[in-house]
Structures are given as C-alpha cells and as structure tokens.
Amino acid sequence: MMQVQLSNVRSFLPLPYEAALAPRLRHAHRHLRRHDGAGSDFTGWVELPRDYDREEFARIKAAAKKIQGDSRALVVIGIGGSYLGARGVIECLCSANYNLKKKDTPNIYFVGNGLSSDYLSEIMELLDGVDFSVNVISKSGTTTEPAVAFRFFRRALEERYGAEGAAKRIYATTDRARGALKTLADSAGYETFVVPDDVGGRYSVLSAVGLLPIAVAGVDIDELMAGAAEMMEVCAAESMEQNPAWQYAGARYELYRHGKRIEILAAYEPNFRFMAEWWKQLYGESEGKENKGLFPASVEFTADLHSMGQYIQQGERNLLETVVRFGASRHENPVPFDEQNGDGLNFLAGKPMDFIARQAMDGTLLAHVEGGVPNIILQMGELNAHTLGELIYFFEYACGLSGYLLDVNPFDQPGVEAYKKNMFALLGKPGYEERRQELLDKLSR
Ligand code: PA5
C-alpha cells in the first residue's frame, strides 16, 4: 500500500499542524461519506470501486473483446473528464508508445479533445485501410469538440461499412437517459454505456468512461478496480495516522496557507505524463474557484530538470512539489562498460538504470528542499493496474477533502462556461447575438 512521506514538508511549517487540522479533515471526510456537503449530488465516485454496476462491467469486457477481434484501431472521442483518465491509464500501463508497439490489441487514437483540423486529418489518414471502431464519450452529448469530431468519424465509418455496419462499431458512453448522444445512440442502435448521474467527468475514470478504452488496450480492469477498492477501504479511516488522503490533503492545504501557490506533480516515468494531465484537471477544476486554490502543474523528471530545474531550484519560492515514486522497474538495464570512457562514466558501468534513477531522485529531492521547495513523496508499489487503481482513488478522495478544506464546491466547474459562451457567440450560434456584437467591438479595438 502507498505511503505519504512528509518528512520534507515539516521544516516549512512553523508548528505541528496535524492535530489542529484533524477536526476540519474529519468534517470534510464525513461530508464525503454522508454525501451531504457542497456538490453532494456528484459524490457517487466515493463508493464506485465497491458498488459499480457488475452487469455493465461484464458488457464493457465483452465490448472490449469484440473491438479487439474486429478492429485494428479504436478512435476514442472525448474531452476533459471524458478523455484524460483513459489516456493516462493506457499510457502509464501500456506505454506512451503503445500505438508503435507490436501487440495483439488495437491502436488507440484520442480525438475530439481539441479543434485542430490538421490533427483530425492526420488521424483520418492513419485509419486509411484500417478496420476501426469508435467509442464516443460525452455525458452531455453536446460538448462542441467531441460532437464535431464524432460527425467526421461517424461519417467515415458509415462510408466504409454502411449505416448498419457502422452502428455495430460505434459505442456511446453517455448519460443513462438524457441528452443528444443518448437519443442518437438509441435511434441508430449503438451499444451504450453509462456515465453515472452522480459522478462528474473528472471523477469518472473508473466508470465506463475510462474502463472501455482501458480494457481495449488490454489492461486488467479487474485489478484496476481492486486497487481502487483497497484504497477506498484505507481512505475510510477517520485518522491522520491511518488515512493517506488526510495526510496529503492536510499537508498541501497547510503549505497553501503558508504561501505556497503552485503544486508541481513530478514523476520519473515518462509514461506518467497523461496521469499528471488527469491529476491537473482533477485538482485544477475542483479547487480553482472563488479566487482560491493551488495551481496544479506537472513535470517529467529527469527530462524537465534540464528545462524547468532552474526555476524550481531558484525561481519564485511559492512552489511545493509532490513526487510520485514507483517501486522497482521491470527491466534492469545495467550500463555498458566502454573501453574508451570518453564520457568518464565508467564508474556507472554495470549499475542498473533503476539504481541511477534512485540516486537522481534522492539528489533532486535534497536539492529542491534545500532550495526552499517542500516535497511530498507518494511512495507506491511496483507500477501495475492494481497500484494505479490505488493512486487514482487516493487522488480523488484527497481532492474531495481538499475542496472542502478550502471551503469550495469541489464538484462543480462554473468557470468552464465563459470560453464556451464567447466561442458560440463568435461562431454565430442563434441566441448569442448581443454577446457577439460586444465581442466583435472588443476585438476591433
Ligand atoms: O470534468 C468535467 O465535467 C469536464 O471536463 C467534462 O468531462 C468535459 O467538459 C466533457 O463533457 P462531456 O462529457 O459532457 O462532453
């Protein structure tokens, strides 16, 4: 089970804070468990690893098997909470180079997560002559980016397989009963999966939203859920000593109160990059409101020590760092001996890459702490579906607690609407005429 190590945080805080913070954490914790805090309509994720729909879970596995059997590619259409979790898990467990690897599972292409016309054409080109299926994921069914992308890929499927053939290759993950996508799926006969009513996008990776694409990539989703369920049990504890989510939420909140404004999530695995993107949405969208909240950033070490390392070491001292460490790698890779030793690195010959990485981790940790950046370490076991399930639930639970500690609703996202309204106005959507004129005046100044 994971451990939250806080020994490199304490010197940044004037007093032991745990006892003072415990009653507030208990209060937040009870709101989550009793589903009676702000945004409680969207706290269904708290029990999801235990109470998920078994019948749908079996259908997800069956659909994944069918896609693996009849498709060489799966196009996953979604944005934000309907995108990042699946990509994070697939890249973390199967590699960021998953599509380039030799494998007997389909390539997976993520689209509808932006509005780049060139990117869209590129994926279309990659699908030329390739049997493919589509998983369109949208709770509302009307989000512009995925809805536009779906028009293109639905048309491509229909042109290739006919309307009936296409319908057998389209899987819609959406609201149980409402919305444009649900209506279309029902009338066209697509298989549908549910985004639970009480689970918001950024907390939905352990529902069909994440699980179908993850299963298609060959990840053991039973293990993912088992890891999450184990962490759910651990996070039920009402004590600072026993509950890692209390420890993490408490430490980052206290650091925030003492002037830290940016939390950098760091990992030493390049494949972790999209898990960090998922984490950024989770924390950014949950906490960043009412002029409050740590700004979530991420780095990939050691690569970014050669780009962001300077700032972290000596820039503005408003940073805190949370480092996700995994247990031993699967591969040893001892460094080769070189007769010439032109680079002077023969002192590393025979040492496993993992050993070198550990020294880099410890060296970086000590340098950053000495430079004034507190470090929270999340020590995980070996990287696999089980430990990733643990980590996902841990971050979700700690995020719910963090929002309540900040006294904001961690389950809404009112600020996301502002850009959408302007975009619709500029695109000439009916009903936005007044706003359109205002914006055009501003743009012409
Ligand atoms: O967390 C969220 O609620 C958002 O990121 C949504 O998931 C995102 O905007 C996509 O929405 P939808 O699934 O309705 O298309």
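Mentor: Helices (H or I, at least four residues) and strands (E, at least two) are DSSP runs, numbered from the N terminus. This is a predicted model, where local features need pLDDT of at least 70 and side-chain atom pairs pLDDT 80 or more, while totals for chains, interfaces and linings use all residues. Residues are numbered from 1 along each chain as its sequence is written, and side-chain values use heavy atoms, without hydrogens and water.

Trainee: How much space lies in the largest pocket, and which residues lie nearest its centre?

Mentor: A pocket is an open set of points on a 1 Å grid over the protein atoms alone where a 1.4 Å probe fits, with protein on both sides within 12 Å along at least five of seven lines; lining residues have an atom within 4 Å of a point. Volume is the space filled by probe spheres set on the points. Here it is about 910 Å³. Of 35 lining residues, Tyr-268, Glu-269, Pro-270, Ser-329 and Asp-354 lie nearest the centre. Helix H4 (84-94), strand E9 (319-325) and helix H13 (353-370) each give two or more residues to this lining, and H13 gives the most, with 7.

Trainee: What lines the second largest pocket?

Mentor: That pocket holds about 710 Å³ and has 27 lining residues, with Ser-140, Thr-143, Gln-413, Val-416 and Lys-420 nearest its centre. Helix H6 (144-167), H11 and helix H15 (417-427) supply at least two residues each; H15 gives the most, with 4.
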